[in-house]
Amino acid sequence: MSDVMVDVHGVHKSFGLLEVLRGVDLKVRAGGVTVILGPSGSGKSTLLRTINHLEKVNRGWISIDGELIGYRRSGNKLHELKEKDVLKQRTGIGFVFQNFNLFPHLTVLENLIEAPVSALRRPRKAAEEAARRLLDRVGLADKADAYPRQLSGGQQQRVAIARALALEPKVLLFDEPTSALDPELVGEVLDVIKDLASTGTTMIVVTHEIGFAREVADTVVFMDGGVVVEQGPPAAVLDNPRHERTRAFLSKVL
Ligand code: ADP
Ligand code: MG
């Protein structure tokens, strides 16, 4: 594949005796949108967390834009990076959580400029201008001075997306970004993600929104039991799944 942005290679991850990822391989091209589907407990969140090194892997490796994540290679050995270097790498990997995770004591604008100023040493004024542009992009220009608790769940999640974008990440990871929302608020968040997809942001989205996967993903990955069972274009995986496990899962969520 040309232009691979995210490369997950033979990743294994255990918690104690429980092997949660049992050899995952995944490539996402630059500008690509990959949707990951799979039953609860199949390892989707763990996979996302290994991609930004919130979890260490036991075997295998991950690279983003050709750079090894969490480790450096010397000869044929991998050495874990220092925490400071992990944090620096992580600024290039945006993460949007199910429960928004905004800073409750900061305004919307402050939520957006905190990391660019403290982690990237951006001048405050430039960070604020960029933050206002991002808020405009997610349709929340008028909420800059609000606190998270004053916003709906959908608005909070749009702020969380803008906050992730404020670090100009190479890739954005979404872990069930609409699962905590009331049904009528799901659409506004998916629309923002769709808009990002159309502007070439590289994304990996864990979601149960099959309609979104069909419309926005170029690749759909079905995970079960810590492995990728099948992957391909949405039309193939969603309409003509080759594996019984994929068919069984889809029959429950469609
Ligand atoms: P999914 O996101 O697909 O629902 P997860 O990656 O959250 O799946 O979890 C996969 C399995 O790993 C589950 O059995 C879960 O209980 C277990 N697990 C996840 N995180 C931890 C952890 N920090 N310690 C122990 N077990 C964990
Ligand atoms: Mg999960």
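This is a predicted model: local features need pLDDT of at least 70, side-chain atom pairs count only at pLDDT 80 or more; totals for chains, interfaces and linings use all residues.
Residues are numbered from 1 along each chain as its sequence is written, chains are lettered from A and ligands numbered from 1 in the order in which they are written, and side-chain values use heavy atoms, with hydrogens and water left out.

**View 1. The shell of residues around ligand 1.** Look for F15, L18, V20, P39, S40, G41, S42, G43, K44, S45 and T46 around the ligand; a residue is near it if one of its heavy atoms lies within 4 Å. By class, four of these residues are nonpolar, six are polar and one is charged. Here Ala, Val, Leu, Ile, Met, Phe, Trp, Tyr, Cys and Pro count as nonpolar, Asp, Glu, Lys and Arg as charged, and the others, Gly among them, as polar. β2 (18–29) and α1 (44–51) each supply at least two residues of the shell, and the largest share, three residues, comes from α1. Helices (H or I, at least four residues) and strands (E, at least two) are DSSP runs, numbered from the N terminus.

Now zoom in on the oxygen atoms of ligand 1. One is 2.7 Å from a polar backbone atom of G41, and a backbone N or O atom of G43 lies 3.1 Å from a ligand oxygen. The side chain of K44 has an N or O atom 2.8 Å from an oxygen of the ligand. The protein covers 58% of the 560 Å² of accessible area that ligand 1 has on its own (Shrake-Rupley method, 1.4 Å probe; for residues, only the protein chains shown count as cover).

**View 2. H53 and its backbone angle.** You can find H53 in the loop between α1 and β4 (59–64). Its phi is positive, about 65 degrees, although H53 is not a glycine. Buried means under 20% relative accessible area, exposed over 50%, and partly exposed in between (1.4 Å probe, protein chains only).

View 3. K13 is found in strand β1 (residues 4–15). Why is K13 called buried? Because its relative accessible area is 8%. The side chain of K13 reaches the backbone oxygen of K56 at 2.8 Å. Leaving aside neighbours within four places in sequence, K13 is in contact (heavy atoms within 4.5 Å) with several residues, including L18, V20, T46 and N58.

**View 4. The loop between β9 and α6.** At 15% relative accessibility, E176 counts as buried. A180 lies in the loop between β9 (171–175) and α6 (183–198) too, and is partly exposed, with a relative accessible area of 35%. Leaving aside neighbours within four places in sequence, A180 is in contact with Q98 and N99. A180 and F97 are 83 residues apart in sequence and 9.7 Å apart in space, C-alpha to C-alpha.

**View 5. The buried residues of helix α3.** In α3 (residues 108–118), V108, L109, N111, L112, I113 and P116 are buried. These buried residues pack against α4 (124–137) and α5 (153–165).

How values were computed
A polar contact is a pair of N or O atoms within 3.5 Å; within protein, one must be able to donate a hydrogen and the other to accept it, and residues adjacent in sequence count only if both atoms are side-chain atoms.
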